[in-house]
Amino acid sequence: MKGTRMTRYRRAGLQRGRIELRQLLRNPKELSGHLTNVAVAVAVAAFISEDVPGTGIPMAHLTLAGFAAYLLFQVGLVNLPQILVTEREEGALLRLRATPGGIPAYLIAKCVLVVATAVGTLALLLLAGAVLVDGPVPRGAVGWLTLLWVTALGLLAVVPLGAAIGAVLPNPREALALIMLPVMALLIMSGTVFPITTLPVPVQQVASVFPLKWMAQGLRSALLPDAARAAEPAGSWELPMVALVLTAWTVLGFLLAIPLLRRAARRESGSRLSARRRKAARSGAVPAQG
């Protein structure tokens, strides 16, 4: 009986995810944001001419590999929380309270949307980089396999965490400000746009706690030649550690996401929703309803 119920929830989640993905593809404004990120990454790489110190490898290749990791990270840790907070404000969580299996199906749908968006953005970045700035591509079967498992595990590490963050953020107007500052700090600290070995050791140690550093390192191992290992803190790709840290964040994210989303759904009520809408109308964030 339980298995049948979970199968039903999974099907509902997959169907909802496909619908949301179609809506995204038909929304030029949403698509333009992802295309802009790719364009910025390629433009930055185009203006970098030096090599990674001590390797003879173009710094542009390291930068594109780092941006690939950051784009995956951004979809899970920036875009997803904003989506969840916006939908909560619109009453989505309130409706989930009355739907059997609503939370699991909702999470599955968001995973479908985020994974498809992230993989599509990553593929576009690698293609545009290879065509426009002679950017890196996976090296042989091992490189493609590494790219696949690092991408999959990286998304598993950040998507549940993004859902947990979205469950506790106050409102869409404050969400971006609260998220972007720590995300931009991690972008700088994690060696995504320049070699992490150029940073002070304490900064490297802080960055190593978070998934972005390991996502970037794993993708560099898939996209860059072995000579690039000289620019890594340990002088190697440390792929077992990449897998270990990302798995740990995956477990933590799932342990946090479902309880926090259920708690947020339980706290929703018609009066809370109406109060938020009145407050937003008074602030001018949304039009007042007559």
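This is a predicted model: local features need pLDDT of at least 70, side-chain atom pairs count only at pLDDT 80 or more; totals for chains, interfaces and linings use all residues.
Helix 2 spans residues 28-46. Its axis lies 9 Å from that of helix 3, at an angle of about 160°. Angles over 145 degrees count as roughly antiparallel, so helix 2 is roughly antiparallel to helix 3. The crossing of these two helices is right-handed. On the helix 2 side, the contact involves His-34, Asn-37, Val-38, Ala-41, Val-42, Val-44 and Ala-45. Helix 3 contributes Ala-60, Thr-63, Leu-64, Phe-67, Leu-71, Gln-74, Val-75 and Asn-79. By class, the contact of helix 2 with helix 3 holds 10 nonpolar, 5 polar and no charged residues.

Helix 3, residues 59-89, also packs against helix 9, residues 211-223. Their axes come within 8 Å and cross at roughly 135°. Helix 3 is therefore oblique to helix 9. This crossing, too, is right-handed. Helix 3 brings Leu-62, Ala-65, Ala-68, Ala-69, Tyr-70, Leu-72 and Phe-73 to the contact. From helix 9 come Pro-211, Leu-212, Met-215, Ala-216, Leu-219, Arg-220 and Leu-223. The contact of helix 3 with helix 9 comprises 13 nonpolar residues, no polar residues and 1 charged residue.

Helix 9 has a further partner in helix 6, residues 140-168. The axes of helix 6 and helix 9 are 8 Å apart, and the packing angle is about 165°. The two helices are therefore roughly antiparallel to each other. Helix 6 passes helix 9 in a left-handed crossing. Gly-143, Thr-146, Leu-147, Val-150, Thr-151, Gly-154 and Val-158 of helix 6 make the contact with Pro-211, Met-215, Gly-218, Leu-219, Ser-221 and Ala-222 of helix 9. The residues of this contact are 7 nonpolar, 6 polar and no charged.

Helix 1 (2-25), helix 2, helix 3 and helix 5 (102-133) each give two or more residues to the lining. Helix 3 provides the largest share, with 8 residues. The lining divides into 8 nonpolar, 10 polar and 6 charged residues.

Definitions and conventions. Residues are numbered from 1 along each chain as its sequence is written. Side-chain values use heavy atoms; hydrogens and water are left out. Axes are lines fitted to C-alpha atoms, for helices over the stretch in contact, and angles run from 0 to 180 degrees between N-to-C directions. Helices (H or I, at least four residues) and strands (E, at least two) are DSSP runs, numbered from the N terminus. Angles under 35 degrees count as roughly parallel, over 145 as roughly antiparallel, 65 to 115 as roughly perpendicular and the rest as oblique. A crossing is left-handed if the near helix is turned anticlockwise from the far one by less than a right angle, and right-handed if clockwise. Contact means heavy atoms within 4.5 Å. Ala, Val, Leu, Ile, Met, Phe, Trp, Tyr, Cys and Pro count as nonpolar, Asp, Glu, Lys and Arg as charged, and the others, Gly among them, as polar.
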